[in-house]
Amino acid sequence: MEINVNRYLELLIKENEKQNLVSRKAGREELIGHVEDSLKLLDFYKIKDKKVIDIGSGAGFPALLLAIYCPDAMFTLVESDLKKSNFLIQAVGELGLKNVRVLRERAEILGQNPLYRAHYDICTSRAVAALNVLLEYGLPLLELEGRLFLWKGKNYAAEIAQAEQALTVFKARVEDVCLYSLLEEKDRAIVVVKKEAPTPQKYPRRVGIPAKRPI
Ligand SMILES: C[S@@+](CC[C@H](N)C(=O)[O-])C[C@H]1O[C@@H](n2cnc3c(N)ncnc32)[C@H](O)[C@@H]1O
């Protein structure tokens, strides 16, 4: 596993010199911090045998790292940006990961596609949008009783409060908040939201609307 993480980091550092996949200034130390942050979920939850969808995968945090460590879970990485999704496809190929597929698509489109809607046990997302927006992206993709795992910083409590109306509309519940600290950042949280009812068919709304007019 560690070998694969090191290969992934080498690949990311090399490609990041050519194209901006993560902040250009991000050195190896900072990237290792992102790796640790991604893998933190496994200290709290087991995801063996689960169907996982990750929204806004970027250069691979958290889902590519989780996929390396959880070969028994199946991962769908959703990233709308062309160069980032191409990098993900390249990394999956070079690392020989058989449990990952990459989709260059918007979450709003997949949420209205019967092939993906209500199909996943788990949806992850890190550094993509505010919590109320992520509820609209993620909940339609989950099966009933599925869970969203949302990586957040020190503002997590304010984001939960801001999402009160969206939680009511979607009949979802904040079930847990996993708190931890990383070297650089003291207050990190993975907010766990449980889906308790089918999502009304009108959600997610059209591309861009959830972020522009959050519930
Ligand atoms: C700030 S980056 C974070 C990437 C990664 N999750 C991380 O933690 O480093 C946010 C990414 O989400 C993608 N994204 C934002 N909204 C999206 C949507 N609705 N559907 C798919 N991808 C989206 C963007 O293209 C961008 O690459």
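At what angle do the axes of helix α1 and helix α5 cross? In this predicted model, the axes of helix α1, formed by residues 2-18, and helix α5, formed by residues 82-95, cross at roughly 145 degrees and come within 10 Å. The crossing of these two helices is right-handed. On the side of α1 the contact is made by N4, R7, Y8, L11 and E15, while α5 contributes F87, A91, E94 and L95. Sorted by class, the contact between α1 and α5 comprises five nonpolar residues, one polar residue and three charged residues.

In soluble globular proteins, nonpolar side chains tend to be buried together. The largest nonpolar core of the model has 56 residues, and within this core the residues with the most contacts are L64, L134, L135 and L150. Helix α4, which spans residues 63-69, gives the most to this core, with six residues. When neighbours within four places in sequence are left aside, L134 is in contact with S125, V128, A129, L148 and L150.

The ligand is surrounded by 17 residues, of which the closest are G56, G58, F61, R126 and A127. The shell around the ligand divides into seven nonpolar, four polar and six charged residues. F61 is also joined to P62 by a cis peptide bond, with omega near 0 degrees, and P62 is placed in the loop between strand β1, residues 51-55, and helix α4. A cis peptide bond also joins Y203 and P204, where omega is about 0 degrees; P204 belongs to the loop between strand β7, residues 188-195, and helix α10, residues 209-212.

P62 is one of the contacts of T124, a residue of strand β4, and with neighbours up to four places away in sequence set aside, the contacts of T124 are V52, D54, P62, A63 and F149. T124 is classed as buried because 28 other C-beta atoms lie within 10 Å, where 20 or more are required. Between T124 and L65, which are 59 residues apart along the chain, the separation of the C-alpha atoms is 12 Å.

The loop between helix α6, residues 107-111, and strand β4, residues 120-126, contains Y116. Apart from residues up to four places away in sequence, Y116 touches L110 and L141. Y116 and L142 are 26 residues apart in sequence, and the distance between them in space, from C-alpha to C-alpha, is 8.7 Å.

A118 is likewise placed in the loop between α6 and β4, and the phi angle of A118 is near 55 degrees, a positive value in a residue other than glycine. With 16 C-beta neighbours inside 10 Å, A118 counts as partly exposed. A positive phi, near 75 degrees, is also found at E145, again a residue other than glycine. E145 is part of strand β5, which is formed by residues 142-152, and counts as exposed because there are 9 C-beta neighbours inside 10 Å, within the limit of 12 or fewer.

Terms used
Residues are numbered from 1 along each chain as its sequence is written. This is a predicted model: local features need pLDDT of at least 70, side-chain atom pairs count only at pLDDT 80 or more; totals for chains, interfaces and linings use all residues. Axes are lines fitted to C-alpha atoms, for helices over the stretch in contact, and angles run from 0 to 180 degrees between N-to-C directions. Helices (H or I, at least four residues) and strands (E, at least two) are DSSP runs, numbered from the N terminus. A crossing is left-handed if the near helix is turned anticlockwise from the far one by less than a right angle, and right-handed if clockwise. Two residues are in contact if their C-beta atoms, placed from the backbone, lie within 7 Å. Ala, Val, Leu, Ile, Met, Phe, Trp, Tyr, Cys and Pro count as nonpolar, Asp, Glu, Lys and Arg as charged, and the others, Gly among them, as polar. A residue is near a molecule or strand if its C-beta atom, placed from the backbone, lies within 6 Å of it. A nonpolar core is a set of buried Ala, Val, Leu, Ile, Met, Phe, Trp, Tyr and Cys residues joined through C-beta atoms within 7 Å.
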